[in-house]
Amino acid sequence: MSSSIRDRAASVLAFKKLPVTIVVVFIYAAIYISLSITDNLPSFPTPAGQHGLNLDDAYADLHKIAGLPHPYNSHQNDVVRKFILARVQSIAAVSPFVEVDDDRISNVTFGMAGSGVAAYFEGSNVLIKVDGTQPDLNALLFSAHFDSVSTAPGATDDGMGVATLISLVDYFSNNQPKRTLVFNINNGEEDGLYGAHAFLEHPWFNLTGNFINVEGAGAGGRPLLLRATATHHARAWSAVAHPHGLVASADAFARGVVKSATDYSVYTAAARGGIDFSFYRQRSKYHTKEDTIPSLGGKAALWNMMESTFLAGLALIEEDDKTAGEESTPVYFDLFGEAFAVLSLKTFYIINIVLLVVGPILVAVLVFVAQRKNKLYWSAKGWGRTPTALVIGGGLTVGLGILYRFVNPFIIYSSATAVLISTLTLSLLSFYAVLALFAFFLPVPQQRSTVLLESYIFWWILLVIDTVAIGRSQIGGLYFVTFFYAGTLVALLLGLLEHFELPSARRGSRNGNAAVIDNEYRSEGDDTAHEVSSERTPLLAQNGRGIKKSEIDEDNEIGLWFIQFLLAVPFPVILITQVGLLLVNALSQTLADGSSVTTVYIAVSFVSIISFVPLLPFIHKLHRFIPYTLVLVLVVTTTYNVFSFPFSENSPLKVFFQETINLDSDANFVQLSGVNPWLENSIVSELPSAWDNNRNCSTTDPLRANIPSCTWPGLPPHVAAGQPSSWLRVNATQTAPGAGLLSIAGVGSRSCRVYFDTPAGLARVRGSGGRVQAPFPLAKSGVDELRLWSRTWERTFEVSVAWEGGAPMSGRVACEWAEQTGIPALEEVVSFLPKWARVTKRTDGLLEVSKSFTLN
């Protein structure tokens, strides 16, 4: 009876092919399916479940804000600003503790970090203050920008952010908070974060402590906690109903992997701490005409931003200011969009060090004791399996990524899922092949145990790298290594403890070695137990009294392997899969912006390799139908990835447009930057105005990460009355040796700039007050470029310039136009673009008209 029960248990729980295959397939399928479902936007609730917010009103506001492109330098910008101002004034009119400031006073001069560029900006922010019941507490700042780029209506960037803030103003006008709230609905973010800089000059900024910046660095989808300054800010995100955030995104921003900037960087430079919350997906539609309300597919994205900002805001409102003073760097991640884990980086650092020291000690002690008791059945031929699998499997997986890199590099742009499936498949297939071959040709009774120990050593090495990265560079994005290491360590310790239940290797032997009898063919008393050993013999020696193979063979262990699997595999794989999804969603479509193709494929390959390393101790027990299936999947996905066209209407290639006119030579050129061969062969070649010998596609674009660029004579623009020579008025007068005055005005523009041939020691706009914003000083080497922004149209900028040396000061003066109307060259590009491409701005102005000057 007991033998029958054991046989039934063994058929279900023993370490054999069928049970292992079922468990592995079920767990990995459950992880991948669950994450793919929860990675989508959750639905929005009925009005009764909206926490007192009004989604319908916010959605209506979004229509008013994001109907047309409205960059700072456009008349539509004035229309949008007028609507926002009237909307919040109507709210304030019925609430005694809400105040609106139509800020048309704050001006700012500052230097842009890491360059010789200086900017003078006249702000036009819409500011709202909701007085708290405890005014002695630091105010909480909510920030979003209402300007768009010139080529997009800005539904995501940042119409939904503005609609969210208006909704919060409406809520708190009826529900007075404990803490004072300040809302900066700012103007001019897109071209240099100008609105945030202007707000630093406003008295209300001095009231603030923490902030939440609401942004759009993509086009719809599920928004992400991009960055959090301190651990207590990240903990506020735990209050969100469906949190989405991985600290890897903060590391990517900090190291320039993502080539975007938000107002978050302005506030943190001004000694404030907070949260950067943003859309990040579908970057191929970012800053294009596809950033529209219909492309959002409904209200779910807007609601997710509203609810998350509201709930995180409530958490920051209610926290103690003493807690707010804790500025430790956070490590955070979500789980299925339902839970949010937060630890300080310092805590993680300490945990890592403890694990690095204690883990090897525990393993060494158990190995030593088991060895002394002759309980270890490890043979020399059992070692080296994990390193071999990692080298071969890892090399093949990285090689596949490199193949894509050179054969069809942009396929990940539109088919990231297919690329990820192929690399995951090859990683799993190659790991299986290596370890299954070892198990067949060089069998050992404890392969799971030896591979688990080697895997532990691999994770120990990675944990050392992770710990060094934390200590030296404050990198928290490798947090998943800690969990891989910990899970493998506990699984290994359990396996080593199980060794103490095995028979002693010296039991009944005459010379210190034991015989293992393969009980499939022999019995305990079989005389053939002393046959000559071979490569297929399960243990080193065959002398002395035999020990049945079933006594020490891992195949017959019931249940332990399953516990080890649950410890080592599911949770860490969930973490690395989430990282993989973030990588492909966030980085795959940054390639058009000039991001490194190699970096993206190496990252995807790394995730694919790491995903199956914890499976290595169990992988040789998979049923043979698994590799057959994997081969089929690999062939199909690889063939698709190699031969498919990399762009589509849903994932269009972005190209960057600007037209420039040089009034000195009357030269009018269009510049279009993008990725070859598609830019030159499929886009520029279709434009009639580019069908002449003056087309030049041999240059790169320094403003766009040196991606390829084409120039050709442009169609004449008509952004203002008359000829281009009358659109720009420049007067240059030397007022003293080494000093001069530039007078600049653009017809129908409120944005101009000065390019100096040699750096100016001083470039000051008259009426600016002359003060440079403290956190953002001018470059010590001088000013190479001065950007000028006016809140009024056709303002005449008067710029005082000073320089050293007796030589004349020379350069170029330019003004910008950002409205699409009146630029036929842009209309031509839009008309002839293939369905799989979209156009966006190259820089501030769609059109730049310039003229040289000399001060002597």
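Q: Which strands pair with strand S23 in the antiparallel sense, and which of its residues lie on the covered face?

A: First, a word on the source: this is a predicted model, in which local features need pLDDT of at least 70, side-chain atom pairs count only at pLDDT 80 or more, and totals for chains, interfaces and linings use all residues. Residues are numbered from 1 along each chain as its sequence is written, and side-chain values use heavy atoms, with hydrogens and water left out.

Helices (H or I, at least four residues) and strands (E, at least two) are DSSP runs, numbered from the N terminus. Two strands pair if DSSP finds at least two bridges between them. Strands of a sheet pair through backbone hydrogen bonds, either parallel or antiparallel.

Strand S23 covers residues 797-802 and belongs to an open sheet of 4 strands, in the order S18-S19-S23-S21, with antiparallel pairing. At the edges are S18 (728-736) and S21 (762-765), each of which pairs on one side only. From one strand to the next, the twist averages 20 degrees; angles run from 0 to 180 degrees between N-to-C directions, and axes are lines fitted to C-alpha atoms, for helices over the stretch in contact.

So much for the sheet; now to the partners of S23. With S21, strand S23 pairs in the antiparallel sense over 4 bridges. Here Leu 762 stands opposite Ala 802, and Ala 763 stands opposite Val 801. With S19 (residues 739-746), S23 pairs in the antiparallel sense over 6 bridges, and Ser 743 faces Glu 798 there. As for its two faces, Phe 797, Val 799 and Val 801 form the covered face of S23, while Glu 798, Ser 800 and Ala 802 form the uncovered one.

Another sheet is worth a visit. This open sheet has 7 strands in the order S1-S4-S6-S5-S7-S9-S8, with mixed pairing. Its edge strands are S1 (98-102) and S8 (224-228), each pairing on one side only, and its twist averages 15 degrees from one strand to the next. S8 and S9 (residues 273-279) pair in the antiparallel sense over 4 bridges, with Ala 228 opposite Ile 275. Helix H5 lies across S1, S4, S5, S6, S7 and S9, running at about 145 degrees to S5.

H5 (residues 155-174) also packs against helix H3 (residues 55-65), at an angle of about 135 degrees and with the axes 9 Å apart. H3 and H5 are therefore oblique to each other: angles under 35 degrees count as roughly parallel, over 145 as roughly antiparallel, 65 to 115 as roughly perpendicular and the rest as oblique. The crossing of H3 and H5 is right-handed (the near helix is turned clockwise from the far one by less than a right angle). In contact (heavy atoms within 4.5 Å), the residues of H3 include Ala 58 and Leu 62, and those of H5 include Gly 159 and Ile 166.

Finally, the axes of H2 (residues 17-38) and H20 (residues 570-587) come within 10 Å and cross at roughly 40 degrees, again in a right-handed crossing. Among the residues making this contact are Tyr 28 and Leu 35 of H2, and Val 573 and Leu 581 of H20.

Conventions:
Buried means under 20% relative accessible area, exposed over 50%, partly exposed in between (1.4 Å probe, protein chains only).
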